[in-house]
Every structure is written in structure tokens, then in C-alpha cells.
Amino acid sequence: MFIHWDSSFETGQMLVDTEHRLLVFLFRKLDVAIKTGQSQKVVNQVIGELKRYVEFHFASEENVMRETGYPHLVTHQEIHHQLLAELGLFESKLAARKEFPEDLLFFLNQWLFDHIAKHDQHVARHVSDSVDRPIAEYAYAEYLTGAPK
């Protein structure tokens with residue numbers, strides 16, 4: 001596996017960090033599917049799961065930005081749209097056997113590291129300093145512990 005969760009990825013925003021950990025988990029799942037010689041069908045299913053989760057995560061992250069008035073939301077959304085377009089391109093190339101799943105995994109690992117380090121840290125600082133709190137912040141602690149925050 002090219003990437004493992006590292007504390008340097010943490011933004012200090014519990015919801016975002018948990019979602020990022022799940023992304024790393026799904027990257028690991030893809031890595032295991034490849035390395036254990038799973039069928040192309042299984043690898044494609046994992047890629048589909050990963051893509052759906054990335055879409056969910058981006059929507060979640062963008063909601064946090066909207067709710068706290070992040071001034072660079074549109075630019076961050078464009079970065080998200082670009083990744084989704086690149087994922088779609090990888091899917092097409094994989095289906096045509098013009099790419100290997102390992103290439104997708106390498107790309108995703110590089111992208112995640114770069115995105116968290118360069119972009120999500122800025123969002124996290126904004127959210128930490130924002131007077132407006134994201135809705136998820138109130139609901140998330142209750143979800144994790146079972147006790148209202």
C-alpha cells in the first residue's frame with residue numbers, strides 16, 4: 001500500500017478526519033483486492049464503492065464549507081469536480097484495459113496526500129475560526145458516543 005493513515009493528515013475536524021480515514025480504508029481495500037488477485041469484477045466493485053464514497057465525502061465536506069461561509073468554496077468544488085472527472089476517466093481506461101488498477105491506486109494516494117496537505121488544512125483552519133458551526137459538528141458526537149453533545 002502506498003499510503004497509510006498518519007497523524008499529519010489530521011485536520012482537527014472530527015467529521016472530516018473520520019471521512020478521510022474511511023477513504024484510506026477504501027484505498028487499502030482496493031490494494032488488497034489487487035494484491036490477492038481478485039477478479040476484475042471484484043476490483044471494479046471496490047472501485048465503484050470507492051467512487052461513491054468519494055462523491056459522498058465531497059458533498060459532506062462542501063456542506064461544512066457552505067455552513068461556515070468558507071470563502072474559497074467554489075475553487076474547492078472545482079478541485080473536487082476535477083478529481084471526479086479523473087476518476088471517471090480512470091474507470092473508462094480500466095474497462096478498456098488501457099490502465100491498471102494499481103495506477104488508479106497510486107493516483108488516488110498521491111491525490112489524497114496532496115489534497116489534505118494543501119487544501120483541506122485551509123478549510124479546517126477556517127472552520128476552527130468560524131463563528132458559524134457546521135451542523136454535523138453537533139450531530140456527530142452524538143452519533144459516535146450515543147450521548148447528545
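**Ground rules.** I worked with a predicted model, in which local features need pLDDT of at least 70 and side-chain atom pairs count only at pLDDT 80 or more, while totals for chains, interfaces and linings use all residues. I number residues from 1 along each chain as its sequence is written, and the side-chain values use heavy atoms, with hydrogens and water left out.

I took helices as DSSP runs (H or I, at least four residues), numbered from the N terminus. Helix 1 has 22 residues and reaches 31 Å from its first C-alpha to its last, close to the 32 Å expected, where the expected span is 1.5 Å times one less than the number of residues. After helix 1 I noted glycine 37, whose phi is positive, near 70 degrees.

I then looked up how helix 1 sits against helix 2, and found that they pack at an angle of about 170 degrees with their axes 10 Å apart; axes are lines fitted to C-alpha atoms, for helices over the stretch in contact, and angles run from 0 to 180 degrees between N-to-C directions. That makes helix 1 roughly antiparallel to helix 2, the term for angles over 145 degrees. The residues of this contact (heavy atoms within 4.5 Å) divide into 16 nonpolar, three polar and four charged. For these classes, Ala, Val, Leu, Ile, Met, Phe, Trp, Tyr, Cys and Pro count as nonpolar, Asp, Glu, Lys and Arg as charged, and the others, Gly among them, as polar.

Valine 46 is found in helix 2 and counts as buried at 7% relative accessibility, buried being under 20% relative accessible area, exposed over 50% and partly exposed in between (1.4 Å probe, protein chains only). Leaving aside neighbours within four places in sequence, I find valine 46 in contact with Leu26, Lys29, Leu30 and Ala33. From valine 46 to lysine 29 the C-alpha distance is 7.3 Å, although the two are 17 residues apart in sequence.

I checked helix 3 (residues 73-95) for length: its 23 residues should span 33 Å, and its end C-alpha atoms are 33 Å apart, which agrees. Its buried residues, among them His76, Leu83 and Phe90, pack against helix 2 (40-67) and helix 4 (101-129). Just after helix 3, arginine 97 takes a positive phi of about 60 degrees.

The axes of helix 3 and helix 4 come within 11 Å and cross at roughly 175 degrees, and the two helices are therefore roughly antiparallel to each other. By class, their contact has eleven nonpolar, four polar and three charged residues.

Valine 123 lies in helix 4 and is buried, with a relative accessible area of 5%. Apart from neighbours within four places in sequence, valine 123 is in contact with Met65, Tyr70 and His76.

I found four aromatic pairs in the structure, a pair being rings of Phe, Tyr and Trp (its six-membered ring) with centres within 6.5 Å, stacked when the planes are under 30 degrees apart, edge-to-face over 60 and tilted for the rest. The rings of phenylalanine 9 and phenylalanine 113 have centres 5.9 Å apart and planes at 75 degrees, so I record the pair as edge-to-face. Phenylalanine 9 lies in the segment before helix 1 (14-35) and phenylalanine 113 in helix 4, so the pair ties together parts that are 104 residues apart in sequence. Phenylalanine 9 is buried at 5% relative accessible area, whereas phenylalanine 113 is partly exposed at 47%.

Note on methods
Parallel < 35°, antiparallel > 145°, perpendicular 65-115°, else oblique.
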